[in-house]
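Please open the model in your viewer and keep the selection panel at hand. The stops below are meant to be followed in order.

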Amino acid sequence: MDNSRIKSIIASKKDCYFISPHFDDMAYSASMLASELSKTNRVIVVNVFTEAGNRPYTRAAKAWMHRCGYDDATQFFMDRNAEDKVALSSITNQVIDLGFADAPWRKKPGQFVNMLAKVFPEFGNIRWNFAYRYYTRKGDVAKADSYTFSQVTKRINEAIDDDNAEIFCPLGVGDHFDHLMARRACDALFDDPIYWADYPYVLDHKPLGIDKMSSFEYVGNPKVKQKIIGAYKTQYDAMFGSASPQIVSERFYYKDIES
């Protein structure tokens, strides 16, 4: 690993916070580096979107759960939570769950809206909001889901009670809305986070907005990462089918362009 910034982090023994949109995102995208850092530094994972909403579920939510073998979102997320703690136990000192609803389950604010959602679930879901679609197309996640964005930013700031901590977060490859929100919250809070290229989306999408960033790759032990990914059983078949995940080097980006 020939990267001066990572060497500096290891030498300084800074606490390393990984801001993971969902339970498995850090493990998929950055667990080889996290495993290396955990030998010398405290590694803390902050999972942001870790809950589901109440019934009735949207068609998108039901379709994804069906692919994973579930029909009850509460049980689905309980199992995801449990497997996340097992998967990360060997490479983290602490895992913090912020408890925000995952996008397919996230409700729009307002009592009237949610009354109508009892009849037509999509009407109450944030992704069916006209403003959501308009601002999402523009890439402005802060306006597309402004209330959640403000709360996510607040809670991440509260979870990281350390001005000297090193922050790792998703780059947002593939434009997954929750990934972009986690990134923008970190952009709003921290001067120079290190972004990871989101896996598996990076296999099919090119990272955007990286022209003025420096980057480095980390290649750890693929067998270790395979074991960690394999611990996420609830979505494994839906994500990867009968094939094993393609373990590639982890790529990271940062705005500090000093050589």
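What follows is a tour of the sheet, then a helix beside it, then a single residue.

This is a predicted model, in which local features need pLDDT of at least 70 and side-chain atom pairs count only at pLDDT 80 or more, while totals for chains, interfaces and linings use all residues. Residues are numbered from 1 along each chain as its sequence is written, and side-chain values use heavy atoms, with hydrogens and water left out.

**The sheet**

Select the strands (DSSP runs of E, at least two residues, numbered from the N terminus, as are helices, which are runs of H or I of at least four residues). Seven of them form an open, mixed sheet in the order 3-2-1-4-5-7-6, where strands pair if DSSP finds at least two bridges between them. Strand 3 (94-101) and strand 6 (214-218) stand at the edges with a single partner strand each, so one side of each has no neighbour in the sheet. From one strand to the next the twist averages 25°, with axes taken as lines fitted to C-alpha atoms (for helices, over the stretch in contact) and angles running from 0 to 180 degrees between N-to-C directions.

Next, select strand 1 (16-20), whose five residues are all buried, so it is largely enclosed by the rest of the structure; buried means under 20% relative accessible area, exposed over 50%, and partly exposed in between, with a 1.4 Å probe and protein chains only. C16, F18 and S20 lie on one side, Y17 and I19 on the other. Strand 1 runs parallel to strand 2, joined by five bridges, and I19 stands opposite V46 there. V46 also stands opposite I96 in strand 3. Strand 1 is parallel to strand 4 as well, through three bridges, with Y17 partnering I167.

**Helix 2**

Now select residues 25-37, helix 2, which lies across several strands, including strand 1, and runs at about 85° to strand 7. Of its 13 residues, 12 are buried. Centre the view on S31, where helix 2 bends by about 80°, the bend being the angle between axes fitted to the seven residues ending there and the seven starting there.

**V141**

Finally, where does V141 sit? Its place is in helix 8 (residues 141-144), and at 2% relative accessibility V141 counts as buried. Not counting residues up to four places away in sequence, V141 touches F177, L180, M181 and R184, contact meaning heavy atoms within 4.5 Å.
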